[in-house]
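Please keep the sequence and the structure in view while reading.

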Amino acid sequence: MRKKIIAGNWKMNLTLDEGQKLTSEIVNMYKDEKISDVTVVLNPPFPHIFPVKKLIGDTPGVFVGAQNCSDKDSGAYTGEVSANIIASFGAEYVIIGHSERREYFKEDNELLSVKVKKALENGLIPIFCCGESLEIREAGTHEPNVKFQLTDSLFDLSAEDIQKVVIAYEPIWAIGTGKTATADQAQEMHFALRRHLGAKYGKDVAAEISILYGGSMKPDNAVELLSKPDVDGGLIGGASLKSRDFIDIVKSY
Ligand code: PGA
């Protein structure tokens with residue numbers, strides 16, 4: 001059965017001290033409040049990965065991930081970090097293809113396809129982001145648009161590998177805007193994506209893939225979004241920087 005996952009995307013926020021404080025609070029709340037059926041993944045900026053991993057220790061159900069990885073294995077690529085290096089520091093997940101990377105760093109479907117493979121080759125679980133702009137949503141072509149992002153970046157994976165991928169549907173117009181997709185809009189897209197995966201890999205494989213929703217998820221809208229049958233968790237930006245809010249979202253299941 002597919003996992004329920006709440007992943008925090010810290011983006012480019014928090015100093016070492018701030019990150020350690022947040023991590024300790026989250027780990028303590030996760031344990032003290034006896035959460036066990038929801039996987040939590042913290043995705044801090046690269047330098048935090050090692051200290052965050054140390055603070056998590058052997059807490060079952062809590063993991064650390066990166067926000068990006070290189071499409072290269074190693075070598076003269078100043079400023080890049082490979083999936084192999086990320087994995088060697090104890091990370092288990094990596095976000096790939098966040099809309100901010102697609103927009104500001106011009107990452108396209110082809111490049112993201114390579115990054116997904118590098119992650120998998122190094123034992124990392126890719127959290128593959130997809131989602132449409134407001135313009136596309138208003139034109140009514142969001143479904144084919146987002147399906148194509150999956151087809152173009154993921155559909156050359158084997159059935160075994162695609163089941164290791166976590167998908168995050170993040171409508172760009174909902175990210176950091178305070179404007180969430182309604183639970184029905186999220187369900188509609190998640191259902192369409194699962195059917196799309198099913199058409200390529202079969203229903204059983206599609207049923208194993210966690211599809212997270214991202215975009216202004218907060219404690220007050222999480223219950224409704226997470227109650228939908230095809231919404232298997234969330235990728236949380238702003239609200240992941242506050243331990244109480246983040247854990248309240250985790251407990252919304
Ligand atoms: P948000 O960000 O929760 O602040 O909208 C989500 C994301 O970008 O992953």
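In the classification used here, Ala, Val, Leu, Ile, Met, Phe, Trp, Tyr, Cys and Pro count as nonpolar, Asp, Glu, Lys and Arg count as charged, and the others, Gly among them, count as polar. By that scheme the shell around the ligand consists of four nonpolar, seven polar and two charged residues. The model is a predicted one, and the values below are computed from it.

**Ligand surroundings**

- The ligand has 13 residues around it, of which Lys11, His98, Glu170, Gly176 and Ser216 come nearest.
- Lys11 places a polar side-chain atom 2.7 Å from an oxygen atom of the ligand, and for His98 the distance from a polar side-chain atom to a ligand oxygen atom is 2.7 Å.
- Glu170 likewise has a polar side-chain atom lying 2.7 Å from an oxygen atom of the ligand.
- The ligand taken alone exposes 290 Å², and the protein buries 96% of that area.

**Packing around helix H7**

- Two packed helices are described by the angle between their axes and by the distance between those axes.
- Helix H7, which spans residues 142-154, packs with helix H9, residues 183-201, at an angle of about 40°, and their axes are 10 Å apart.

**Packing of helices H11 and H12**

- Helix H11, made up of residues 219-226, and helix H12, made up of residues 243-250, pack at an angle of about 20°, with 9 Å between their axes.
- Because angles under 35 degrees count as roughly parallel, H11 is roughly parallel to H12.
- The crossing in which H11 passes H12 is right-handed.

Notes
Residues are numbered from 1 along each chain as its sequence is written. This is a predicted model: local features need pLDDT of at least 70, side-chain atom pairs count only at pLDDT 80 or more; totals for chains, interfaces and linings use all residues. Side-chain values use heavy atoms; hydrogens and water are left out. A residue is near a molecule or strand if one of its heavy atoms lies within 4 Å of it. A polar contact is a pair of N or O atoms within 3.5 Å; within protein, one must be able to donate a hydrogen and the other to accept it, and residues adjacent in sequence count only if both atoms are side-chain atoms. Accessible areas come from the Shrake-Rupley method with a 1.4 Å probe; for residues, only the protein chains shown count as cover. Axes are lines fitted to C-alpha atoms, for helices over the stretch in contact, and angles run from 0 to 180 degrees between N-to-C directions. Helices (H or I, at least four residues) and strands (E, at least two) are DSSP runs, numbered from the N terminus. Angles under 35 degrees count as roughly parallel, over 145 as roughly antiparallel, 65 to 115 as roughly perpendicular and the rest as oblique. A crossing is left-handed if the near helix is turned anticlockwise from the far one by less than a right angle, and right-handed if clockwise.
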